[in-house]
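Welcome! Please take a moment to look over the sequence and the 3D view below before reading on.

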Amino acid sequence: MKNITLLLLLVICCWSCGPEAPPADAEATETTEAVAAPAQQNTFLIRPGEGFGDFNDELAKADLMRLLGKNRIAPRAFYLGEGESAPGLVLYPDSPEEVEVLLDEDGYPIMYRIQEEGSEWATEEGLKVGSSLTDLEKINGQPFKLTGFDWDYGGTVTNWNGGTFADKDFMVVLGYDVDAASFTEEDMEQLLGDQEIISTLPALRRYPFKVVTITQRY
């Protein structure tokens, strides 16, 4: 009996000297902190006037290679138009997110350009390759001017008219998937060739024009 009493006293002593219970609100605090943690930054955010994601004009070729790794960057000639090309790179090659880079003689970016529809690249307002002409006009907040279609610089926005993308060296080119033969003769005269047109032109609304190229220049 004496032994049993001693054993009970030992158990009671160990229980009373055990670790102190955590504060009642500790679990709630941890949960709150987890909920309040900032969301991960969008890797494929186009920042008009600045760059694409983390890519800007201050990152030389060697910096881009360190940032991305050898498997996500490759040399590629950058097409300028009218049969002319210049040395460049492609980031995320052979994927919907690929970005073409035009380099200057010191290896720094002059332009970043995307042309792949279905890419995750988009501005905060939702502009991306594949956006419609009306979407572009809505995001810009103003009608804009662009060149006529069906030549090397066709469909290029030339004046943002003070809108969202004004004064940012941000260039957008529009195109279309339909056969130009489906245009009426009158619409052809208004839409095609080396001329400047306005985005509110009724002939533009009659066909599915969309964004085909987005470029940040420096």
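Predicted model: local features only at pLDDT ≥ 70, side-chain atom pairs only at ≥ 80, totals over all residues.

The protein is built from six helices and 14 strands. Of its 218 residues, 38% count as buried. Its accessible surface comes to about 13300 Å², and carbon and sulfur atoms hold 53% of that area. As for how the chain meets itself, 53% of the contacts with a separation of 6 or more join residues 24 or more positions apart.

Now to the interior. In soluble globular proteins, nonpolar side chains tend to be buried together. Here the largest nonpolar core has 44 residues, and the members that touch the most others are F55, L136, V172 and I214. Several elements supply at least two residues each to this core, among them the helices α3, α4 and α6 and the strands β12 and β14. Leaving aside residues up to four places away in sequence, L136 touches L127, F144, V157, W160, F165, V172, L174 and V211.

Which strands form it, and in what order? The open sheet has three strands in the order β2-β1-β9, with mixed pairing. Its edge strands, β2 and β9, each pair on one side only. Strand β1 runs parallel to β9, and two bridges link this pair. In this pairing, I46 has T123 of β9 as its bridge partner.

| Strand | Residues |
|---|---|
| β2 | 51-52 |
| β1 | 45-47 |
| β9 | 122-123 |

Terms used: Residues numbered from 1 in each chain as written. Heavy atoms only, no water. Core = buried A, V, L, I, M, F, W, Y, C linked by side-chain atoms within 4.5 Å. Buried < 20%, exposed > 50% of the residue type's maximum accessible area, 1.4 Å probe, protein only. Helix = DSSP H or I, 4+ residues; strand = E, 2+ residues; numbered from the N terminus. Contact = heavy atoms within 4.5 Å. Pairing = 2+ DSSP bridges. Areas by Shrake-Rupley, 256 points an atom, 1.4 Å probe, with all protein chains shown as cover.
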